[in-house]
Amino acid sequence: MAVHMVGLRGLMATRQYCNNINNIPRQVRRVVALLQDQPLHQTVTVKGWVKGMRRQKERTFLDIDDGSCYKKLQVVLNSDQRPATLGYHSAVSATGILQPSTHPSQEVELLAEEIEVVDVGMQGDYPFKARQTHPPDYTRRFPHLRPRTNSFASLLRVRSQMKAAIQHYFEREGFINVDTPILTTNDCEGGGEVFMVQHLMAEQQSKGSSEGKVQDSYFKQPAYLTVSGQLHLEAVANGLSKVYNFSPAFRSENSQTRRHLAEFWMVEAEEAFLVGREGMEALLGRLEGLVKEVMTEVLEVTSQDVQAHWQRNQGTEEAVRSALDKPFSRVSYAEALDILSGAPDLPPVSPGQDLAREHELYLTNTLGHTPVLLTDWPLTIKPFYMSACEDDSSLALAVDLLVPGVGEVAGGGLREHHLPTLQGRLPPPQHHHNNNSLQWYLDLRALGGGVPTGGFGIGVERLLQFLLGIHNIKDTLPFPRWAHHCPC
């Protein structure tokens, strides 16, 4: 009797186990994993969108894209299985056996046993047509929908990998990631192109002077969206030595050109104990090393996506390969003026004047179509915190990185460490809103324990433009914001 009961319990347990197995959801596999791992003759499920459909009498072929990679997975189903609602950009779930493909352009395909339409495809005024390539000026009108296009999905994957590669570089080099504030009481570079943050209720209640509004504001003093986290990184570098951030930045430049954004992303680095020419050389080497290692990793991991953009943007591959294979050119501001003096079709540049984009592009083209590290700038056209050269106090230990087709993608230099010098350079209040807001920055020098630092900031969107040959910076991030444009 006891033996019989044990056997019965075992049988019931076995049945329950089998039922549990049957109730386990089928494993959903990403297309990129199926194409790489190729688990042949196994039952798998994929979920994605129909990007192509070819109907035959007995079979129907679908190209399924789940966004994980550039290639699509071909799904083969009997035509009598094809749901009536199946169409271009339908969202589907397909289950079947992965098998070798006889088609020369693909190694595997999914022989579907079940297919479910999760949502139907194009409806009404859907802006993107099947088997058509739409120009960026058109897809930019639909920022909420353009991630569904092949080209923009490809760009977003490259952008994601670029951010990862930047973080990998800094981790290898011993840098610590720091989250610098988005709300700040200074504009860092003193340009005045900042967005002021105002509490909505205070704005409604304050009908008087601007001074009254400040007193009633949320922070009791003017606050702005950051244009740079560099000053805050300096503070943290004086405790952690090597730091970097990855942060949005905002600039209220009233521009409609293809080169400007109101919201963009910066990666900024700051390193302690960088002094004089030796420290500047170390900074230049780090900036060049970061750019080269990041682009190399992106090319290795997302090569198909990158190649797709290179095919559309002629000359980009040659420029990127040249940047990877050759040392960056290094020229001083004075040397650059000599080079530009021989450019007949460009506006002249007077000593002490900043360079325009056309000057930057001429320099990169003239100096071998490679990136240029432009150094030894006039101190008067650089921010107040830049350190002067020891051998010429009229020049700043500063650098701009120029790349072909884009112009400036990065800027940096060594920071002024001497307190009296820094105090003498502070912009007047009318140009910097409130000098008292920088007292904490002066304290880094005044209270002891501070050391000289140096660093740089790289515009992620501009570096992406160079890598892929993107003509308009508004096509380098999913939801671009610029003057008079913030639709969603």
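User: Where does N186 lie, and in which loop?

Analyst: Helices (H or I, at least four residues) and strands (E, at least two) are DSSP runs, numbered from the N terminus. Here, N186 belongs to the loop between β7 (183-184) and α5 (200-205). This is a predicted model: local features need pLDDT of at least 70, side-chain atom pairs count only at pLDDT 80 or more, and totals for chains, interfaces and linings use all residues. Residues are numbered from 1 along each chain as its sequence is written, and side-chain values use heavy atoms, leaving out hydrogens and water.

User: Is N186 buried or exposed?

Analyst: Buried means under 20% relative accessible area, exposed over 50%, and partly exposed in between (1.4 Å probe, protein chains only). With a relative accessible area of 2%, N186 is buried.

User: Which nonpolar core is the largest, and which residues have the most contacts inside it?

Analyst: A nonpolar core is a set of buried Ala, Val, Leu, Ile, Met, Phe, Trp, Tyr and Cys residues joined through side-chain atoms within 4.5 Å. The largest has 49 residues, and M162, F170, L401, I458 and L467 have the most contacts inside it. Helix α8 (residues 276-301) contributes the most, 10 residues. Another core, of 27 residues, lies apart from it and includes V349 and F384.

User: How many disulfides are there?

Analyst: A disulfide is a pair of cysteine sulfur atoms within 2.5 Å. The whole structure has 0 disulfides. For C486, the nearest cysteine sulfur, that of C488, is 7.7 Å away. C486 is exposed, at 57% relative accessible area, whereas C389 is buried at 3%.
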